[in-house]
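Hello,

Here is the structure you are taking over. My notes on it follow below.

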Amino acid sequence: MTEEQAVSRWENGETTPNTETLKLLSKLFDVSINTLLGSPRQLICQCCGMPLEDNNISREIDGIFNEEYCKWCYADGEYMYHNMDDLIDVCVNHMANEHFTPDQVRLYMKDMLPKLNYWKQYKNLAGADKFEEFKKQLMNEINDLHIDGMPKVEKLNALVGGYINLEYRLPNGKCVKFLDDAATYLGNQLECEFGGDRCFGIAANMEFILISTYEKDGENPELIVYKKR
Ligand SMILES: [Zn+2]
């Protein structure tokens, strides 16, 4: 069946569309199957529990919706969280407010996450070991840079780009950002060994390592290293 045939059958209400037709229509109109069906259920990201709408549903590399996950938990065909504690740390940072204390968020997530499909299946996946290997490798590469005043990196956390995407002024006066707000990176913040107000910030992924320094709340950021891996 062609896309045109699928659309015309849909519009004329001739058939209850089958899964294949729904997939075609979803691709053609760039809306999720759940939305096509009139949103019969509230989709929930099966990794982090976030309610899903068409603007935060993840996609496969070819652009087709993956209605199981949000775009932060599944990006570029990769699952971004391999450790529930990392995800809980990220959620505590983003969800805590005056009505919901960090401890309450932590308790809530600890109770909810194990009920989601991703974490239920995760025990059976081989991904966890491989990811830990990757993190170790990345930390070795970062520590091998021997950056003056930066302590040894012992831990990398999953961080959402939008929260750490500082703008750096280059020697030529241009201001640039290097991260994708919607992507997840591995990183950490470390206090300078020499004391003072400046911190080191690390953001890395499969492609690059970025290290910068900045003052409280990301003020006056300065790029130290941007290195392709
Ligand atoms: Zn998610």
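Tyr118 counts as buried because it has 21 C-beta neighbours inside 10 Å; the cut-offs are 20 or more other C-beta atoms within 10 Å for buried, 12 or fewer for exposed, and partly exposed in between, with C-beta atoms placed from the backbone. The model is predicted, so local features need pLDDT of at least 70 and side-chain atom pairs count only at pLDDT 80 or more, while totals for chains, interfaces and linings use all residues. Residues are numbered from 1 along each chain as its sequence is written.

Tyr118 sits in helix α6 (residues 117-122); helices (H or I, at least four residues) and strands (E, at least two) are DSSP runs numbered from the N terminus. Apart from neighbours within four places in sequence, Tyr118 contacts Gln46 and Cys47, where contact means that C-beta atoms, placed from the backbone, lie within 7 Å.

Cys47 comes up again in the largest nonpolar core, which has 37 residues. Such a core is a set of buried Ala, Val, Leu, Ile, Met, Phe, Trp, Tyr and Cys residues joined through C-beta atoms within 7 Å. Cys47, Cys70, Cys73 and Ala204 have the most contacts inside this core. Strand β9 gives the largest share, four residues. Among the residues that Ala204 touches, not counting those up to four places away in sequence, are Leu138, Tyr185 and Ile209.

The domain assignment, which is automatic or from a database, gives domain 1 (3-79), domain 2 (84-122) and domain 3 (127-228). The contact between domain 2 and domain 3 takes five residues from each.

Regards

Methods: Contact = placed C-beta atoms within 7 Å.
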